[in-house]
Amino acid sequence: MNREQLLKDVEKTVAELLQTLSAFNDDTFNTVPFEGSWTAGQVSEHVLKSSGISEIMSGKTAPAERDPDQYIAPLREQFLNFGIKMTSPDFILPSDGPHDKQALTQELADVWKKTIAIAETQDLSAMCLDFEMPMVGTMTRKEWISFLSVHTQRHTHQLKNILKALKEPAL
């Protein structure tokens, strides 16, 4: 995946996330749609917490001694498999809320602007050394950006399911 493709993917992902969030009103943003589900506000907070990777990508780096795209396909395959349930690490679990839709939406837009700036200007093949992805290890900027994109796509899918459940009357 080259820089141009990565940027197109990121821009499309962000636009779809923000469009999906705009479909919630202040009440539905904090409504549990069904048992065992997060609210849209909690999903948004989780995505925001996981998007703090821009600091990791701006931190200490080293030249990659492997294919800088090595983990893109496996992460994409795993995170876009909507048939599997995943468990979030504790450090990015959302709070109970209530959540402010406008504030979270703005924070998400701001974080993604930083990520896009990194994708446009930095060496995407550099290994980010300040944090290791659980079960994977250190990743390149390109892999981190791709991860953010597929992680956000997964949760945008989740948000669409929440929105659908809230609009359909309970049986």
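The side chains of K49 and E45 meet in a salt bridge, with 3.6 Å from N to O; the term denotes a side-chain nitrogen of Lys or Arg within 4 Å of a carboxyl oxygen of Asp or Glu. The model is predicted, so local features need pLDDT of at least 70 and side-chain atom pairs count only at pLDDT 80 or more, while totals for chains, interfaces and linings use all residues. Residues are numbered from 1 along each chain as its sequence is written, and side-chain values use heavy atoms, with hydrogens and water left out.

**Helix α2**

K49 and E45 both belong to helix α2, four residues apart, about one turn of the helix. Helices (H or I, at least four residues) and strands (E, at least two) are DSSP runs numbered from the N terminus. E45 is buried, with a relative accessible area of 13%, whereas K49 is partly exposed at 37%. Here buried means under 20% relative accessible area, exposed over 50%, and partly exposed in between, with a 1.4 Å probe and protein chains only. Of the 11 residues of helix α2 (residues 40-50), 10 are buried, so the helix is largely enclosed by the rest of the structure. Among the buried residues are A40, V43, V47 and L48. Their cover includes α1 (3-22), α3 (53-58), α5 (101-121) and α6; contact means heavy atoms within 4.5 Å.

**Salt bridges**

The structure holds six salt bridges, and the table lists some of them.

| Pair | Closest N to O |
|---|---|
| E16 and K160 | 2.2 Å |

E16 is partly exposed, with a relative accessible area of 30%, and K160 is partly exposed at 38%. The pair of K142 in helix α6 and D69 in the loop between β1 and α4 (72-79) also joins distant parts of the chain, 73 residues apart. K142 is buried at 14%, while D69 is partly exposed at 22%.

**The sheet**

Three strands form an open antiparallel sheet in the order β1-β2-β3. β1 (61-62) and β3 (137-140) stand at the edges with a single partner strand each, so one side of each has no neighbour in the sheet. Two strands pair if DSSP finds at least two bridges between them. Two bridges join β1 to the antiparallel strand β2 (residues 127-133), and C128 in β2 is the bridge partner of T61. Helix α6 (residues 141-167) lies across β1, β2 and β3, running at about 95° to β3. For such angles, axes are lines fitted to C-alpha atoms, for helices over the stretch in contact, and values run from 0 to 180 degrees between N-to-C directions.
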